[in-house]
Amino acid sequence: MVKLGGHCIVKESFTNKQKLYLYAQTNWVILVSNLISTSHDQNSATASECDAARFHAHRDDGTVIAIIAVLASLTFGGMSYYGEKMKYSRTEVLIASIERALEDYKSDNGSYPSGNIGDLFNALYGDGTNVYLATLNPELKGKQRNVSESEPYLIVDAWGKVLRYRHNKNNMANPKQDYDLISLGPNGVGDFGSTTEWAKADDIKNW
């Protein structure tokens with residue numbers, strides 16, 4: 001095997017006196033003439049050398065693929081983290097806007113609405129004739145939507161899970177005349193009475 005121009009060419013059965021011709025750009029060019037003992041030729045390459053070159057090329061390709069895989073996993077992981085953080089922020093904004101709307105409701109009606117999260121929707125938006133919080137409009141789509149897909153409408157967080165609401169109940173986190181409002185966070189697990197840390201660790205609440 002002879003190394004020519006960085007390529008390995010198989011020297012099959014030609015002798016030292018044979019000549020190898022290649023055609024390049026329409027002209028015959030004599031590339032090798034009067035081959036003399038290839039063992040003394042610094043450009044000669046053995047089969048093992050070519051095999052080694054192929055091995056290193058494949059190894060380098062494998063390294064590049066591995067690096068790309070690692071970078072891709074980091075990118076998707078970062079995107080997932082960013083997406084969850086955005087949902088968390090959107091839910092915080094929703095709860096803050098409900099708090100402001102409830103103060104307006106109390107100012108008009110003398111107290112906060114009683115009942116559950118369905119009653120809270122009816123109090124703050126209802127049929128759309130007396131609206132305290134316009135972002136509860138069931139006609140909104142995508143990330144702007146803050147209520148369930150079908151009636152009876154319930155207020156939901158950025159993960160599509162129903163918020164919890166209570167007012168004038170015993171064992172509240174806030175004073176009884178106030179209200180408790182909570183999102184169960186990404187895991188969607190628990191309720192007002194959750195005691196396990198893993199269930200309530202990601203909750204978003206107004207106390």
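Accessible areas come from the Shrake-Rupley method with a 1.4 Å probe, and for residues only the protein chains shown count as cover. This is a predicted model, in which local features need pLDDT of at least 70 and side-chain atom pairs count only at pLDDT 80 or more, while totals for chains, interfaces and linings use all residues. Residues are numbered from 1 along each chain as its sequence is written, and side-chain values use heavy atoms, leaving out hydrogens and water.

**Figure 1. Surface of the chain.** The accessible surface comes to about 13700 Å², and 54% of it belongs to carbon and sulfur atoms. Of the 207 residues, 27% count as buried (under 20% relative accessible area, 1.4 Å probe, protein chains only).

Figure 2. H167 is placed in strand 5, residues 164-167 (strands are DSSP runs of E, at least two residues, and helices are runs of H or I, at least four, numbered from the N terminus). H167 is buried, with a relative accessible area of 9%. A polar atom of the H167 side chain lies 2.6 Å from the backbone oxygen of D178.

**Figure 3. The largest nonpolar core.** A nonpolar core is a set of buried Ala, Val, Leu, Ile, Met, Phe, Trp, Tyr and Cys residues joined through side-chain atoms within 4.5 Å. Among the 24 residues of the largest core, I98, L120, L124, I155 and L181 touch the most other members. Helix 1 (47-109), helix 2 (117-124) and strand 6 (179-183) each supply at least two residues of this core. The largest share, 6 residues, comes from helix 1.

Technical notes
Buried means under 20% relative accessible area, exposed over 50%, partly exposed in between (1.4 Å probe, protein chains only). A polar contact is a pair of N or O atoms within 3.5 Å; within protein, one must be able to donate a hydrogen and the other to accept it, and residues adjacent in sequence count only if both atoms are side-chain atoms.
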